[in-house]
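Visitor: Hi, could we go through this one together? I'd like a quick tour of how the pieces pack.

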Amino acid sequence: MSLESTLDEYPKKIHCADEFQCVTRPLASSDEKSFHEFFLAMPGQELMFIKHRVTDPEVVSDWCRNIDLGRNLPLLALVDEKIIGAATLHQQLGGWRRHIGRISVHIHPDFRGRGLAQELVNETVEIARHCGLEKVEAEFIGKQEGGIKMFSLLGFSTLVRLPEYVRDMQAIPHDYILMGLDLVTDEEYAGMG
């Protein structure tokens, strides 16, 4: 199955805890304003752990103007057209890491505790399988204990932990944790069926 045929399944509803529902779909160029507002709602201490300056409207604008779902596929969760979550599958289309994807996930503070992050990660892992990827990774800073625990519950294991290896936006050192999950990829997912 190809990425294009997988994306034909969207938008679709996902069901979370307490009968909470939302719609998921890939990022579109028309999402620029609401995607920026989504990141502005993130707590300041969490923004320090995001690799890009997502509060800068130009960063988000660039993402929305130059969408390449084959390389970076942001899967959005929406309620009444408001972005409440985003999980991104990052891929390299060539080279020695072309079989490995990287997943990142962010949830609006008002919508946490409902299992939305888990549902978005599960959706993103399924997309990775359909793309023929063999492994997915997630990167963390040591203080992101909740994210590390959630990814562990989804089957990810710690591949490496490097003490005080990375620095946040305030230049404070933190442990770097790389987690990974091996994917079962059958011939159909790999596009050979």
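Visitor: Which hand does the crossing of H2 and H4 have?

Guide: The crossing of H2 and H4 is right-handed. A crossing counts as left-handed if the near helix is turned anticlockwise from the far one by less than a right angle, and as right-handed if clockwise. Helices (H or I, at least four residues) and strands (E, at least two) are DSSP runs, numbered from the N terminus.

Visitor: Before we go on, what am I looking at?

Guide: This is a predicted model, where local features need pLDDT of at least 70, side-chain atom pairs count only at pLDDT 80 or more, and totals for chains, interfaces and linings use all residues. Residues are numbered from 1 along each chain as its sequence is written, and side-chain values use heavy atoms, with hydrogens and water left out.

Visitor: Good. At what angle do H2 and H4 pack, and how far apart are their axes?

Guide: Helix H2 (residues 32-40) and helix H4 (residues 57-65) pack at about 135 degrees, and their axes are 9 Å apart. That makes H2 oblique to H4. Axes here are lines fitted to C-alpha atoms, for helices over the stretch in contact, and angles run from 0 to 180 degrees between N-to-C directions. Under 35 degrees counts as roughly parallel, over 145 as roughly antiparallel, 65 to 115 as roughly perpendicular, and the rest as oblique.

Visitor: Which residues meet there?

Guide: From H2, Glu32, Phe35, His36 and Phe39 meet Pro57, Val60, Ser61, Trp63 and Cys64 of H4. Contact means heavy atoms within 4.5 Å. The residues of the contact of H2 with H4 divide into six nonpolar, two polar and one charged. Ala, Val, Leu, Ile, Met, Phe, Trp, Tyr, Cys and Pro count as nonpolar, Asp, Glu, Lys and Arg as charged, and the others, Gly among them, as polar.

Visitor: And Ser29, where does that lie?

Guide: Ser29 is in the loop between strand E2 (21-26) and H2. Leaving aside neighbours within four places in sequence, Ser29 is in contact with Cys64 and Ile67.

Visitor: Switching topic: how many residues has the largest nonpolar core?

Guide: The largest nonpolar core has 36 residues, and those with the most contacts inside it are Val105, Leu116, Leu120, Val136, Phe151 and Phe156. Such a core is a set of buried Ala, Val, Leu, Ile, Met, Phe, Trp, Tyr and Cys residues joined through side-chain atoms within 4.5 Å. Buried means under 20% relative accessible area, exposed over 50%, and partly exposed in between (1.4 Å probe, protein chains only).

Visitor: Which elements supply it?

Guide: Several each supply at least two residues of this core, among them helix H1 (3-7), strand E3 (72-79), strand E4 (82-91), helix H5 (116-130) and helix H6 (145-153). The largest share, seven residues, comes from H5.

Visitor: What does Phe151 touch?

Guide: Not counting residues up to four places away in sequence, Phe151 touches Ile103, Val105, Val121, Ala138, Phe140, Phe156 and Met179. There is also a second, separate core of 14 residues, which includes Phe38, Phe39, Val54 and Leu78.

Visitor: What about the backbone? Which peptide bond is cis?

Guide: The bond from Tyr10 to Pro11 is cis, with omega near 5 degrees. Pro11 lies in the loop between H1 and strand E1 (12-15).

Visitor: What is the phi of Asp80?

Guide: Asp80 has a positive phi of about 50 degrees although it is not a glycine. Asp80 is in the loop between E3 and E4 and counts as exposed, at 75% relative accessibility.

Visitor: And Ala171?

Guide: Ala171 is not a glycine either, and has a positive phi of about 65 degrees. Ala171 is in the loop between strand E7 (157-167) and E8, and is partly exposed, with a relative accessible area of 47%.
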